[in-house]
Amino acid sequence: QESKHEEMTSANRQLKMEREVHQQELADLRAELQNVKIKHERNIQELMKLLKEEKDDADSQIRMLKMELVEEKNIVKSQCQQLEKIKIECDKLTEELSQSEEENIKLRRKCEFPKQELEKKDKQISNEEDHLRRMDEARLQFKDQLHHLEMEQESILTMIGSEIDAACEIFSRDSVEKFKVILS
């Protein structure tokens, strides 16, 4: 019994020592667990802080993007209005252009007749100019002929004058008075 009692006592001591070791290990593990929990809390808080900062950044970016979107929508709206105005103006200009082209065609048709008339008159004028040129050439020829005839007439008259003078001289030998009468 005593040996059993000693065995029990030694087993109790050993159990007690093992229990103390286990309790120490458990305390260490609890302390480590506490440290891990604290670290985990800190990490979670840091992550939460980072997430909050990122969320704030994302929110501010979303606000900026929304503002940009609103501005771009306004720009698109104004550009659509301008485009509509330009389309209306373009339609007006196209209509004016087609009207102008029609009027231009009408004016060309109207101008065609006077143009043909003008060409006819131009031909007539050129024919008349040719006729005038020929007439002018003929006039110059007639002028030359007239000049020759005048010279011929003058020479004939000079000859007749000299013959008359000779005849007068012949007649005047008889009387000076007859000569005066003939000369006058």
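**Entry 1**

I began with Asp136, which is partly exposed, with a relative accessible area of 34%. For the wording I used these cut-offs: buried means under 20% relative accessible area, exposed means over 50%, and partly exposed lies in between, with a 1.4 Å probe and protein chains only as cover. The model is predicted, so I noted that local features need pLDDT of at least 70 and side-chain atom pairs count only at pLDDT 80 or more, while totals for chains, interfaces and linings use all residues. Residues are numbered from 1 along each chain as its sequence is written, and side-chain values use heavy atoms, with hydrogens and water left out.

Next I looked up the partner of Asp136. Asp136 forms a salt bridge with Arg139, and the closest N and O atoms are 2.6 Å apart. A salt bridge here is a side-chain nitrogen of Lys or Arg within 4 Å of a carboxyl oxygen of Asp or Glu. Both Asp136 and Arg139 lie in helix H1, three residues apart, about one turn of the helix. Arg139 counts as partly exposed because its relative accessible area is 45%. I also noted a network: Asp130, Arg133 and Glu137 are joined by salt bridges that share partners.

**Entry 1: the other salt bridges**

I looked up the total, and the structure holds six salt bridges. In general, side chains of opposite charge can pair when their charged atoms come close.

Arg133 and Glu137 meet through their side chains in a salt bridge of 3.5 Å, N to O. These two are four residues apart in helix H1, so about one helical turn separates Arg133 from Glu137. Arg133 has a relative accessible area of 45% and is therefore partly exposed. Glu137, at 40%, is partly exposed.

Lys52 and Asp56 form another bridge, with 3.7 Å between the closest N and O atoms. Both of these residues are in helix H1, four residues apart, or about one turn. Lys52 is exposed, since its relative accessible area is 53%. Asp56 has 38% and is partly exposed.

**Entry 2: cysteines**

I searched the whole structure for disulfides and found zero. Cys80 is in no disulfide, and the nearest cysteine sulfur, that of Cys90, is 17 Å away. A disulfide needs a pair of cysteine sulfur atoms within 2.5 Å. Cys80 is partly exposed because its relative accessibility is 45%. Cys111 is also partly exposed, with 48%.

**Entry 3: the fold as a whole**

I listed the secondary structure: the protein has two helices and zero strands. Helices (H or I, at least four residues) and strands (E, at least two) are DSSP runs, numbered from the N terminus.

Of the 184 residues, 2% count as buried.

I then picked Gln116, which is found in helix H1. The C-alpha atoms of Gln116 and Glu2 are separated by 157 Å, and the two residues are 114 apart along the chain. Gln116 is partly exposed, as its relative accessible area is 40%.

**Entry 4: the record**

UniProt, in an unreviewed entry, places the feature "coiled-coil region" at residues 5-138. Its positions follow the numbering used here, feature names are shortened, and annotations may be inferred rather than shown by experiment. In the model, the end C-alpha atoms of residues 5-138 lie 179 Å apart, and the span is 100% helix and 0% strand.

**Entry 5: the surface**

Accessible areas come from the Shrake-Rupley method with a 1.4 Å probe, and for residues only the protein chains shown count as cover.

Which residues make the nonpolar surface patch of about 350 Å²? They are Ile156, Leu157, Ile160 and Ile164. Patches are made of residues with over 30% relative accessible area and no salt bridge; like charges are joined within 9 Å, and nonpolar side chains (Val, Leu, Ile, Met, Phe, Trp, Tyr) within 5 Å. Ile164 sits in helix H1 (residues 2-172). Its relative accessibility is 45%, so Ile164 counts as partly exposed.
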